[in-house]
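Open the model in your viewer and keep the sequence panel beside it. We will go from stop to stop, with something to select at each one.

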Amino acid sequence: MILGLGPDLLPIVADPSAPVRSGSSLQGKIGKVPSLFDQNGLVMGFTNWTVHSTSDAEISRWSSEPRFGIGVQTRDLVGIDLDLTDANLVDRVARRIEIRLGMRLPVRSRTNSSRCLLVCRVSGSRKKTVIPTDHGRIEILGEGQQFVAGGMHPSGEFYSWDGDGPNGLPAVIPAVPSSLFDACIADLRAEFGTKLHLSIPAKPVVSDDLDALVSGETLADLESATMHLAAVGYGREYDDWAWTGNMLKSLGDPAKGLFLRYSLALGNEKPGEAEKKWPQLRADRAGYRAVFTKAQALGWINPRKAATPESVLERFKRMPRADILKEWAPLAAAMSKESGADFMALVHEQTSVGKLILRQSLNDARRHLARDKRKNAFELRAAARKMIALQPENSVAQAREVGDELIKNEPPGTLVLFNSMVSRVREAPPPYMHRVDDSTEPPPPRLVVETHTETSMRELVENHVVMCELRDDLLAPIQVPKIILDPLLELNAANAPTIRGLLTHAIVLPDGSILSTNGLDPTTGLYVSGITNTNYRPYSVAEAAEARLRLKRVVLDGFEFASPLDEEVALAGLFTAIQRTLMDAAPGLAALAGAQSSGKTTLLRRIHVLATGRDMAVSTLAIGDEAEIKKSILGMLMSAPAMVVFDNVPDGFTVHSGVLGGVMTSSVFSARLLGGNRNVEALTNVLFCLSGNNLTLGADEITRWMVTRLEPKRARPEERQFRNSDVVGHALSISDAVLRDVIGIIAGFIKSGDRLALSGTRFPAWDRMVRQPLIWAGGGDVAQVFRMNEEDSEHAQSLRALVRLLRAAFGDETFYARHVAELVTGFPSGESRDPDLGPKLRDALEGLAARDPSKAKSVSRVLNAKAERWVQVDEMTGEALRLTRRVDGDGVACFAIRP
């Protein structure tokens, strides 16, 4: 993966001759912005690319298209784009960056231009910044931006890097401390940034709204104030940008140029947007003077009117005494200490007011000035963030106000409600899992749901809101208090949308329609991300039959199954993995074998990659520790995985877990969160899988697990090699075609309206979305596996043996539990022709969980549990017997075997 940037990579159509979809905004932008080809080969935009996280499957697919260039989102990286026409200036800026940072950054360039781009890693998110110069601009690409890292420029030249890695790419991208990077950008602005001046008309401009003449000096001052707003980021929010435009519009069209330059300085992504917006603006009654007020509140000082001791002294010599006493102190307070003292002496000479009184006035003015500076500094630091004065008695309402800001400004997925917990969707290693090939290593990151903590929520709030309190009649910033965080976390004060799970592939909805659009789907509650292929449709029954056979050849290639039914089960496992998020309950998939290296984990791994586009992570089943199983399952469910895989369960183990069984047959799992006292109901719409050798299923598990058995036809299966040894790479290469066939079969069956006359299972949604579509497409009934499970289970075999042994011992006569216990201990109540009857009865009873078969009470518990149940004792003849139960006259249970 390129420098660990896989999730941030994007495709960019770089072929200038490629036809663009009609009406697309990409006209003239080929090779510059994220884009794809639609099913007709036309270039289309990449929807929601700013929140997209790219999967390995997408990278593999895009790599096969030679017309794609490579784009990189500036999330982990920051790009410094030197969009300058002067080659000497480019060299000077690049040299200044290298000197200021103390390191050389990787450079992307092209041979037919002096323009270039430098990249580095900087912690923390940052907005785009633009530094206008006399020869173009310097752009610092931040959150929501991207740059082209490879491919062809629209001019026909290819981009290149000066690195020493493969293909000239940088071998490493250096990390720069945030404070050092910000200081460097400030130096660039100071050294190379230029101030744009509004051309002054020969005659005063008339404002239609104010009916007032505006001088050239006023327009120059307005230029300075407006560009200050851009410098501090006021206008990055659309409403603030439009407000500034409405104020400037009061001057009429002569202010249009200033509005365009203001928009450019803000780093507007769409240069033409300001041009289009200007005619739509409406002059506000407050007029251009409101721009001065806003700029002053954000720290602007009019440089033309800044006081110097000389200018003030000269002006005051001509002023009346009353005016001098009214104005002198604030001006003196802004001077240096020495200049202020000189000015106070002049005021004393001209007004004859005592120096003690004047000194007191000067001290008061300095205190007021210091207070105003603190206020301006605070407002400047807050920049575009909203300031909210804390009202402890109104904390819940204020938390909702904060939540509104978060929802308005944060991308989708940053705030969601999952399993009743305020959470976020992000790339991270899934909890309670490890790498498939190393149990000591955490799994690779993937898209997960992560419950917000106080720390993560505080960081989120601080990005958009400054909480304040009143100190000395001034607002002062404070840490986001717990009384604001608690409602956001516990009451969902932000009204975050509820999601039911994550989806990284297309899925068939219950009505047969196909969901393949990224974003939060309001109908299903699924958060969909990473889908780039929308070429799906329902299949006809003939197409479905061909597709099922094709899937068996492609998906199951290289695996040796024990029977055709095992093949059908493996295919059903893939279908279940793809549709599982829409099912309230579904069976799990167990890949079993008689020996190691049979391909069990590889099969599950291939299914996982096909369904998610990511490599599989696995977990360890805590055998015999129900509390640990409960804790780990809850932790995994809270992250919304597509599959939970318990890999390599110990050989010969009988799988039995009340917790796991309950989770698989219920739509929610109720449990207490670790480290707290809060209960949650976690959705269970994930596919549970396990693998192991010579495993058996407990009595409650036989109808919960689809078992597929692998049986290599060689003595040393570990010496076998799959034709495609790269499990992940191979699965990614076939994933598009596989998903298209699975979706086509399921959607085709549902849309056909066909209903198959089948006995149901305990999973109705699974019957409709997996079992019946496969039968419709010409496959066998995979539900047969549950009958096979029962026949092969230790429990079923023990029950058959018990019924046969009881008939051999008692015929059709009535017997009591004590009679059976006596047979087990070797003291038969009657004649017995089989000397091994006692040991065989013990084995059968122990197989049915009798604690002590020699005790009547233990035997009675087993007999009572199995009474009135038909048991097939002979598969050839189909003979079935029933253990009957009645209570005798003394109130004691007695039993008999009846045909």
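**Stop 1: two crossing helices**

The crossing of helix 17 and helix 22 is right-handed. Keep in mind that you are looking at a predicted model. To find the pair, select residues 564–579 for helix 17 and residues 764–776 for helix 22; their axes come within 10 Å and cross at roughly 145°.

Now show side chains. On the helix 17 side, pick L571, A572, F575, T576 and Q579; they meet W766, M769, V770 and L774 of helix 22. What kinds of residues make up this contact of helix 17 with helix 22? They divide into 7 nonpolar, 2 polar and no charged.

**Stop 2: aromatic pairs**

Is W766 buried or exposed? W766 is buried, at a relative accessible area of 0%, and F786 also counts as buried, at 9%.

The model holds 14 aromatic pairs in total. For another one, select W241 and F259, which are stacked, with 5.4 Å from centre to centre and 25° between the planes. W241 sits in helix 5 (residues 238–248) and F259 in helix 6 (residues 256–266), 18 residues apart. W241 is buried, with a relative accessible area of 4%; F259 is buried too, at 0%.

**Stop 3**

Switch to cartoon view. Here 3 strands form an open sheet, in the order 16-17-19, with antiparallel pairing. Strand 16 (416–418) and strand 19 (446–451) are at the edges with a single partner strand each, so one side of each has no neighbour in the sheet. From one strand to the next, the twist averages 55°.

Zoom in on strand 17 (residues 421–428), which is joined to strand 19 by 6 bridges. Which residue of strand 19 is the bridge partner of R426? It is V448.

**Stop 4: helix 25 and its cover**

Finally, select residues 817–825, which are helix 25; its buried residues include A817, H819, V820, A821, L823 and V824. Colour helix 24 (794–810), helix 26 (837–847) and helix 27 (856–866), which are among the elements covering those buried residues.

Methods. Residues numbered from 1 in each chain as written. Predicted model: local features only at pLDDT ≥ 70, side-chain atom pairs only at ≥ 80, totals over all residues. Heavy atoms only, no water. Axes fitted to C-alpha atoms, helices over the stretch in contact; angles between N-to-C directions. Helix = DSSP H or I, 4+ residues; strand = E, 2+ residues; numbered from the N terminus. Left-handed = near helix turned anticlockwise from the far one by under 90°. Contact = heavy atoms within 4.5 Å. Nonpolar A, V, L, I, M, F, W, Y, C, P; charged D, E, K, R; others polar. Buried < 20%, exposed > 50% of the residue type's maximum accessible area, 1.4 Å probe, protein only. Pairing = 2+ DSSP bridges. Phe/Tyr/Trp six-rings, centres within 6.5 Å; stacked < 30°, edge-to-face > 60°.
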